[in-house]
Amino acid sequence: MPHAEVRLSLPHWVQSFAFAPCYPDAEAQVALAIALAERNLAEGTGGPFGAALFDGAGRLLGVGVNRVLPEHCSAAHAEMMAFMTAQQRLGGCRLNDPATGVTAPVTLATSAQPCCMCYGASFWAGLDRMLIGARAEDVMRLTEFDEGPLPADWVGELERRGIVVRRDLLRERACAVLRRYGEQGGPRY
Ligand SMILES: [Zn+2]
């Protein structure tokens, strides 16, 4: 009999993480995504990636960290975990749909540029803004991860669909997490 259900979870430390009531600007929002990546690596609960979702007032809608190896799930990237947990919590499959009651705009902050899977998922998640720390070339230079192919004008494709993109936010700090992971020689969890 095939499995009829999928269950994914964030690490237990997320429940006691010291989240702020509000993350007022782009730097603060990316800083949280990077802090989640740092903690995930330090705790040994997944790969060195973090993501967070915010409403228009900077309030947290959801967070994600990489859970691919612990959950035996190739789709459990940080951005995907943030999308899925926020959508479940809000009871809507598009975060910026008025039916969710979320104050626009909806922002995804991610510690590193989305891979080809998370990039694709971003079109359907109901986003208005995307904030990125490290670049894909940083990920591939500092770790063994292959981020996969994106359209040549991947930023333009998002922006034409109403998702404003900002890159290189706290890039050095975002790279430091990747570098630490790379220097450890890969998974330690
Ligand atoms: Zn991804």
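Buried here means under 20% relative accessible area, partly exposed lies in between, and exposed is over 50%, using a 1.4 Å probe and protein chains only. This is a predicted model, in which local features need pLDDT of at least 70 and side-chain atom pairs count only at pLDDT 80 or more, while totals for chains, interfaces and linings use all residues. Residues are numbered from 1 along each chain as its sequence is written, and side-chain values use heavy atoms, with hydrogens and water left out.

View A. Look for Ser111 in strand S3 (residues 107-112); strands are DSSP runs of E with at least two residues, helices are runs of H or I with at least four, and both are numbered from the N terminus. Ser111 counts as buried because its relative accessibility is 4%. Leaving aside residues up to four places away in sequence, its contacts (heavy atoms within 4.5 Å) include Ala33, Pro48, Phe49 and Gly133.

**View B. The zinc site.** His77 (ND1), Cys115 (SG) and Cys118 (SG) coordinate the zinc ion at 2.1 to 2.3 Å. Donors are N, O and S atoms within 2.8 Å of the metal (3.2 Å for Na, K and Ca); water is not among the atoms, so sites may look incomplete. Along the sequence, the donor residues follow the spacing H-x37-C-x2-C. Cys115 is buried at 6% relative accessible area, and Cys118 is buried at 0%.

**View C. Helix H4 and its cover.** Just after H4, you will find Gly126 with a positive phi of about 85°.
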